[in-house]
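Try each task before reading its solution.

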Amino acid sequence: MNGKKVRFGTGKDTIGPEEANFKAKLPKKANASGIIAFRKKTVEVGSFPANSLGLFDMSGNVEEWCEDQYKLYYNNGKRIDEQTKAMRGGSWNCVRSYLRCSYRSGRGPGLPDTFGSNGFRLIGHRDISD
């Protein structure tokens, strides 16, 4: 974000359940503050603050399908060499470390989205100069 080395799409090195939708595990005392730790589903885009570039939900909510290639080398202990599409950004069903900007996973075209946690991050522009 803006040339900074950060771990998450929020533009920070840390991330919490008040900044993104993910499988957060908070102590019971923290839940008393009203912060919901694990929402168990996608939430409406813009439910969390925008990052420093004005983009919403770049970490969490849905795991983003990317054009990038991702190679799978092992499947159930057997070596394979299959090109798949990369997934990034983590979803509501991922733990905090999977939301890192650098984290990638792969998903083959024939694998189902069991949890309904895959999607796209669409970036739009709204002219606010008026």
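**Exercise 1. In which strand does Glu 63 lie?**

Solution. This is a predicted model. Start with the layout of the chain. The chain has one helix and four strands. From the N terminus on, the order is α-β-β-β-β. Now place the residue. Glu 63 lies in strand β1, and that strand spans 63–75.

**Exercise 2. Decide: is Glu 63 buried or exposed? Then find the residue whose side chain joins that of Glu 63 in a polar contact.**

Solution. Step one: take the relative accessible area of Glu 63, which is 7%. Step two: recall the cut-off, since buried means under 20%. Glu 63 is therefore buried. Step three: look for a partner. The side chains of Glu 63 and Ser 105 are joined by a polar contact of 3.1 Å. Glu 63 and Tyr 98 are 35 residues apart in sequence, and their C-alpha atoms are 9.4 Å apart.

**Exercise 3. Describe the largest cavity: what is its volume, and which residues line it?**

Solution. Count first. The structure holds one cavity of 30 Å³ or more. Next, the volume: the largest cavity has about 60 Å³. Then list the lining. It consists of Gly 9, Thr 10, Glu 19, Pro 49, Ala 50, Asn 51, Leu 55, Phe 56, Asp 57, Met 58 and Ser 59. Finally, sort these residues by type. Five are nonpolar, four are polar and two are charged.

**Exercise 4. Pick Asp 57 from that lining. Where does Asp 57 lie in the chain, and what does its side chain reach?**

Solution. Begin with the position. Asp 57 lies in the loop between α1 (28–31) and β1 (63–75). Check the accessibility next. The relative value for Asp 57 is 11%, so the residue counts as buried. Last, follow the side chain. The side chain of Asp 57 reaches the backbone nitrogen of Gly 46, at 2.8 Å.

Key:
Residues are numbered from 1 along each chain as its sequence is written. This is a predicted model: local features need pLDDT of at least 70, side-chain atom pairs count only at pLDDT 80 or more; totals for chains, interfaces and linings use all residues. Side-chain values use heavy atoms; hydrogens and water are left out. On a 1 Å grid over the protein atoms alone, a cavity is a set of points where a 1.4 Å probe fits but cannot get out, and a pocket is an open set with protein on both sides within 12 Å along at least five of seven lines; lining residues have an atom within 4 Å of a point. Grid points are joined across faces, edges and corners, and a volume is the space filled by probe spheres set on the points. Ala, Val, Leu, Ile, Met, Phe, Trp, Tyr, Cys and Pro count as nonpolar, Asp, Glu, Lys and Arg as charged, and the others, Gly among them, as polar. Helices (H or I, at least four residues) and strands (E, at least two) are DSSP runs, numbered from the N terminus. Buried means under 20% relative accessible area, exposed over 50%, partly exposed in between (1.4 Å probe, protein chains only). A polar contact is a pair of N or O atoms within 3.5 Å; within protein, one must be able to donate a hydrogen and the other to accept it, and residues adjacent in sequence count only if both atoms are side-chain atoms.
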